[in-house]
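Reader: I'm new to this one. Can you put it up and walk me through it?

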Amino acid sequence: MASIRGRWLAGAVLLGAAHLAQAAWPHDHPITIIVPAAPGGTTDIAARLLAEKMTAALGQSIIVENRAGAAGIIGTQTAARAAPDGYTLIMGNIGPNAINYSLYKTLPYKASDFAPVTLVISVPNVLEVNAAQPVKTAAELVTLLKQDPSKRSFGSSGTGQSPHMSGELFKQRTGVEATHVPYKGAGPAVAALLANQFTFMIDNLPSSMPSIKAGKLRALAVTGEKRSPELPDVPTMKEAGIDNMVVTAWFGLLAPAGTPAPVIDKLYQAARQGLSSPDIVKKFHELGGEPGGNTPAEFGAFIDQQRTLWEQTVKAAGMYKEQ
């Protein structure tokens, strides 16, 4: 009887200690947000803006770590294998956390490897060219692409990301051909377009907005249902004569599966507080995006819906990969 009582007390002490550790989280070292892309893109921009706000809310420093490569797979795999203790997070996005599941037959991670925290930002994509190009409209770009298809190419932030998929959809909708040139994130892709290294790109609006505002890139159309308030003179794809080209890219915070619910809740509360702050709302709007802040359950349901949507899109486009 004494030994049973002793084991019960020991178990209670351990359980109590675990609850105390969760209650005290974060308490002993910095939190890392993995960005599965190079610096300069929307994933990176959103992560750094949010990290600053969450640092203040949680009282613990947050480090943003770029792990670019392989269509977001490298960074996403790293996050999936991290300890579920709340100290490693990932700024997930539509590519590695929705499109990749249907684009690749095998991945080194699965959807159940992640615990959703909250949607951070949603953005339209933008069809653009280098401002030195004579092209002024989407129709003129289509005409140019049809003149000599073998010499035409389009860039993207990586295979399987929404800019790549948007580029492929654009080709299908307009009947043009162009070679895909993937980069390790939007930052390098934008730099390449600024150097006129390919014909056009469809990019997440925030990563291209500074160059558009500076007159270095010319926006021809956006993929939203409506025009962007920050680019009121730029038509939607539909207004530009290209139907069925609505694409909304999204970026959100996830943790490794198994992260304790109280820790997920603290992360969610800190993120929601940051996303509702006037300066973040203003900055996201200036970048052409809408701040998120939905609950972990709502974000999880949204990701499930997105996986299903893009599975249908990938298969219809004949882009399913066997490897």
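Author: A term to begin with: contact means heavy atoms within 4.5 Å. This is a predicted model, where local features need pLDDT of at least 70, side-chain atom pairs count only at pLDDT 80 or more, and totals for chains, interfaces and linings use all residues. Residues are numbered from 1 along each chain as its sequence is written, and side-chain values use heavy atoms, with hydrogens and water left out.

Reader: OK. What does Thr-32 touch?

Author: Leaving aside residues up to four places away in sequence, Thr-32 touches Ile-63, Glu-65, Tyr-87, Thr-88 and Leu-89.

Reader: And which strand is Thr-32 in?

Author: Strand β1, residues 31–35. Helices (H or I, at least four residues) and strands (E, at least two) are DSSP runs, numbered from the N terminus.

Reader: Is Thr-32 buried or exposed?

Author: Thr-32 counts as buried because its relative accessibility is 16%. Buried means under 20% relative accessible area, exposed over 50%, partly exposed in between (1.4 Å probe, protein chains only).

Reader: What does β1 pair with?

Author: Strand β2 (residues 62–66), in the parallel sense, over five bridges. Two strands pair if DSSP finds at least two bridges between them.

Reader: Switching to β5. Which way do its residues point?

Author: From β5 (residues 153–156), Ser-153 and Gly-155 point one way, Phe-154 and Ser-156 the other, and all are buried.

Reader: Which residue in β6 is the bridge partner of Gly-155?

Author: Val-181. In β7, Gly-155 has Met-201 as its bridge partner.

Reader: How many bridges join β5 to β6?

Author: Four, and the two strands run parallel.
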